[in-house]
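Biologist: I would like to learn how to read the aromatic features of a protein model. Could we start from the overall fold and then turn to the rings?

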Amino acid sequence: MKQRILIVVVSLFFVVSCRTKSESSATTEAAQEIEAPTPDFQISLAQWSFHNAFLGPKKEGYWQWFVKTLQESPDDILLGDADPKDFPKMAAEFGVKSIELVNTFYYGKVDDQAFWDDFKRRCEEAGVSVGLIMCDALGNLGDADAEARKKAVENHYKWVDIAKFLGAHSIRVNAAGEGSAKEVASNAVDGLTQLGEYGATQGIDILVENHGGYSSNGTWLAGVMAQVNMDNVGTLPDYGNFCIERGPDGCVNEYDRYKGMSELMPYAKGVSAKSHDFDESGNETQTDFYKMLKIVKDSGFKGFIGIEYEGSTLSEEEGIAATLALLNKAIDSIQ
């Protein structure tokens with residue numbers, strides 16, 4: 001949609017208080033309307049960029065403890081110095097207007113309407129809006145067991161409702177499951193279709209991220225999207241999540257990230273600009289942001305690109321700022 005800007009040129013000596021309407025029309029005044037396009041891309045901030053601030057230090061065996069504690073006493077995972085309810089204000093300090101929440105930071109608040117009333121107020125006070133909620137630990141939408149798959153679908157319903165209440169447009173989900181690529185794809189299509197149908201009743205999009213396993217194979221996930229074929233089910237392509245298989249020393253099977261982005265962008269309803277480290281020129285060392293933005297633009301996508309910093313060399317604040325600066329430069333280069 002285009003904004004209409006009215007530009008009025010008046011005489012240097014025009015004084016409103018001393019002129020009648022007829023007199024002012026006699027001054028040197030010219031008015032015209034100019035069409036000013038809204039930028040194709042807007043920047044949001046993913047809450048995971050502050051995960052250390054919220055979760056605190058991580059020791060050996062941390063993630064096993066995290067999964068167990070999340071189910072038993074979810075608030076106890078929050079051992080950091082920052083409080084997730086303050087994220088709107090934290091994000092606003094970077095000048096962004098849209099935020100992406102992580103459901104695990106609020107896992108114990110899913111049924112706490114008073115909390116969400118307060119959180120919405122905090123967003124309004126900070127001048128930010130919630131764009132999407134990233135949902136994890138709710139079961140596998142591609143589970144081989146039909147009942148377990150249905151339960152996973154239903155576990156997402158409350159987060160769809162919260163997203164609607166907060167004014168978000170989407171939730172981000174995972175297309176995970178056990179079995180062969182073909183089997184998981186078939187089951188994920190069923191799970192995503194069920195969830196997509198519920199999302200449609202609430203006006204919420206269901207976005208699948210390339211998030212490990214089969215989903216990090218661009219061809220596989222694009223195939224799942226083609227089979228689901230629903231207007232409100234799409235993708236959230238992540239620049240850096242194309243590791244299909246990890247080993248003890250890192251990724252052992254990585255999909256070509258640029259090929260993957262090209263395959264997922266036709267279904268994209270959001271983009272995640274993952275970053276880790278930067279060189280002396282401010283460029284991300286693992287991903288060519290300029291090449292990625294060209295792929296995004298060529299796909300015809302227009303919307304939010306989310307900052308998601310996961311590095312360890314810079315502090316989270318510095319990493320977010322560095323990603324924001326690079327993303328702005330990359331966007332400017334293709335406008």
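Modeller: Helices (H or I, at least four residues) and strands (E, at least two) are DSSP runs, numbered from the N terminus. By that reading, the protein has twelve helices and twelve strands. This is a predicted model, in which local features need pLDDT of at least 70 and side-chain atom pairs count only at pLDDT 80 or more, while totals for chains, interfaces and linings use all residues. Residues are numbered from 1 along each chain as its sequence is written, and side-chain values use heavy atoms, with hydrogens and water left out.

Biologist: What share of the 335 residues in the protein is buried?

Modeller: A residue is called buried under 20% relative accessible area, exposed over 50%, and partly exposed in between, using a 1.4 Å probe and protein chains only. Here, buried residues make up 45% of the 335.

Biologist: How many aromatic pairs does the count come to?

Modeller: Rings of Phe, Tyr and Trp (for Trp, the six-membered ring) pair if their centres lie within 6.5 Å, and planes under 30 degrees apart count as stacked, over 60 as edge-to-face, and the rest as tilted. By this rule the count comes to 22 aromatic pairs. One of them joins Trp-48 and Trp-63, a tilted pair with 6.4 Å from centre to centre and 35 degrees between the planes.

Biologist: Why does the pair of Trp-48 and Trp-63 tie together parts that are apart in sequence?

Modeller: Trp-48 lies in the loop between β3 (41-46) and α2 (51-55), whereas Trp-63 lies in helix α3 (residues 62-72), so the pair links parts that are 15 residues apart in sequence. Trp-48 counts as buried at 16% relative accessibility, while Trp-63 is partly exposed, with a relative accessible area of 42%.

In another pair, the ring centres of Tyr-106 and Phe-119 are 5.5 Å apart and their planes stand at 70 degrees, so this pair is edge-to-face. Tyr-106 lies in the loop between β4 (98-102) and α5 (113-126) and Phe-119 in helix α5, so parts 13 residues apart in sequence are tied together. Tyr-106 is buried at 1% relative accessibility, and Phe-119 is buried with a relative accessible area of 1%.

Biologist: Which residue lies over the face of Tyr-62?

Modeller: A charge sits over a ring if NZ of Lys or CZ of Arg is within 6 Å of the ring centre and within 35 degrees of the ring normal. Lys-58 lies over the face of Tyr-62, at 5.6 Å from the ring centre, and Lys-291 lies over the face of Tyr-258, at 4.3 Å from the ring centre. Tyr-62 also belongs to an aromatic cluster whose members include Trp-48, Trp-63 and Phe-105.
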